[in-house]
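Here is a friendly walk through one structure, written for a reader who likes to check each point by eye. Please keep the viewer open as you read.

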Amino acid sequence: MAITYNILNRKGGVGKTETALNMAYGLSQAGYKTLFIPLDPQANGQSTLLKDDNEVSEQDAINIREWYDECKDANGILKSYKALASRGFTKERKYQTDINDVLKKPILVKDAIYKTKYPNLDIIPASDELSMTDGFLKLSGKNPSAKLRTALSYVDNDYDVIIIDNSPFESSLTYNGVCACCHEGDTIIVPLNISDRSINGLGATIEILIEWIKEERLPYDVKLLITLKQRNKINEEWIKTLRHIFPERVFKQEIRFQGKPVELAALNNRILLEDPLTSGVKEDYQKFLHEIMEDLQSKLGH
Ligand SMILES: Nc1ncnc2c1ncn2[C@@H]1O[C@H](COP(=O)(O)OP(=O)(O)OP(=O)(O)O)[C@@H](O)[C@H]1O
Ligand SMILES: [Mg+2]
């Protein structure tokens, strides 16, 4: 049975996707059979994992620009957009069966799993159609939050670990992610970027989680990961306070804010841990990964 880690925070831009991708890469490289599920219409990071070369070549860019110049109206823009989409550069659906189908018909899950360019790492791709699927789930009556849980029950013997990345908005998609964390040992990881504003988001996230735990009696664990950490007094004080309130619920390792290496890896279509460049933030993720692996080993017993 696989262990599920669900990366969740209703606040945007706190490092959910960065964390989810590095976990998926690091664990699969360590030999754990890993399934990555982006439950986010933005599907950020998906193109880094998939084999397709999504880079728009210089010639593509010129062609797109020429089409646009030809038409100079909405049609031109649409044509350019379609050209980008056909090269997999937008979030339009590219796979015949993907997460949208799984959330509607869980039995289709095996058809929606694809190999990534990394060994031991599979993905259920997402697309911007997920916004519509969210609406569909809200309107469909019967247990709409349990679709992903049902789907994963068909495949969780094929994997050691399942990693779910979420959109920043609370939706029936995020409910599905939370409900899929239904076995002992499954963990919700809340990446937390400390600033006086985002701390309000933390309160709200924790309140929601507690409500969900009460309603669904889910046996998952919740742990906070300090991300995008800046060296200043507000950060230090808040982290001390959080560690004091939740001594066992904050990962030891903190992830520093260091834009350049993160940006460079993304530009080169690489995951930070894969990037040959050494950096502080990469070291932070390496150490965080060790913490996760210890946790995983104790739960899987190998
Ligand atoms: N440790 C870091 N240092 C500097 N920049 C970072 C770090 N982690 C992530 N970033 C950058 O910050 C931005 C937000 O990160 P990311 O996409 O992982 O957040 P997110 O929580 O998934 O956002 P969303 O809510 O939109 O899905 C990205 O541009 C990413 O490259
Ligand atoms: Mg994200």
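## Ground rules

This is a predicted model, in which local features need pLDDT of at least 70 and side-chain atom pairs count only at pLDDT 80 or more, while totals for chains, interfaces and linings use all residues. Residues are numbered from 1 along each chain as its sequence is written, chains are lettered from A and ligands numbered from 1 in the order in which they are written, and side-chain values use heavy atoms, with hydrogens and water left out.

Helices (H or I, at least four residues) and strands (E, at least two) are DSSP runs, numbered from the N terminus. For residues, buried means under 20% relative accessible area, exposed means over 50%, and partly exposed is in between (1.4 Å probe, protein chains only).

## Around ligand 1

Let us begin with the ligand. The space that ligand 1 takes is the largest pocket. A pocket here is found on a 1 Å grid over the protein atoms alone, as an open set of points where a 1.4 Å probe fits, with protein on both sides within 12 Å along at least five of seven lines. A molecule sits in a pocket if more than half of its atoms lie within 2 Å of the pocket's grid points. The shell around ligand 1 is made up of seven nonpolar, seven polar and four charged residues. In this grouping Ala, Val, Leu, Ile, Met, Phe, Trp, Tyr, Cys and Pro count as nonpolar, Asp, Glu, Lys and Arg as charged, and the others, Gly among them, as polar. There are 18 residues around the ligand, and Lys16, Thr17, Glu18, Arg256 and Gln258 come nearest; a residue is near a molecule if one of its heavy atoms lies within 4 Å of it.

Which atoms make polar contacts with oxygen atoms of ligand 1? A polar contact is a pair of N or O atoms within 3.5 Å; within protein, one must be able to donate a hydrogen and the other to accept it, and residues adjacent in sequence count only if both atoms are side-chain atoms. From the backbone, a polar atom of Gly15 is 3.0 Å from a ligand oxygen, and an N or O atom of Glu18 lies 2.9 Å from one. From a side chain, an N or O atom of Gln42 is 3.3 Å from an oxygen of the ligand. Taken alone, ligand 1 exposes 630 Å², and the protein buries 77% of that; these areas come from the Shrake-Rupley method with a 1.4 Å probe. Helix H1 (16-29) and helix H11 (259-267) are the elements that give two or more residues to the shell, and H1 gives the most, with three.

## An enclosed helix

At the start of H8, a side-chain oxygen of Ser171 comes within 3.1 Å of the backbone nitrogen of Leu173.

## Positive phi in two loops

Ala43 is not a glycine, yet it has a positive phi of about 45 degrees. You will find Ala43 in the loop between strand S2 (34-39) and helix H2 (46-49), where it is buried at 3% relative accessibility.

Leu228, also not a glycine, has a positive phi of about 50 degrees. Leu228 belongs to the loop between strand S7 (221-227) and helix H10 (233-245) and is partly exposed at 24%. Its C-alpha is 9.0 Å from that of Gly259, 31 residues away in sequence. Gly259 is in helix H11 and is partly exposed, at 31% relative accessibility.

## Other places to look

Thr34 is in strand S2 and is buried, at 0% relative accessibility. Its side chain reaches the backbone oxygen of Tyr32 at 2.8 Å.

Ile239 sits in helix H10 and is buried at 4%; its C-alpha is 7.9 Å from that of Ile194, 45 residues apart in sequence. Glu184, by contrast, is exposed at 72% and lies in the loop between H8 and strand S6 (187-193). The C-alpha atoms of Glu184 and Asp221 are 8.1 Å apart, with the two residues 37 apart along the chain.

Technical notes. 1 Å grid on protein atoms, 1.4 Å probe; cavity = no way out; pocket = protein on both sides within 12 Å on 5 of 7 lines; lining within 4 Å.
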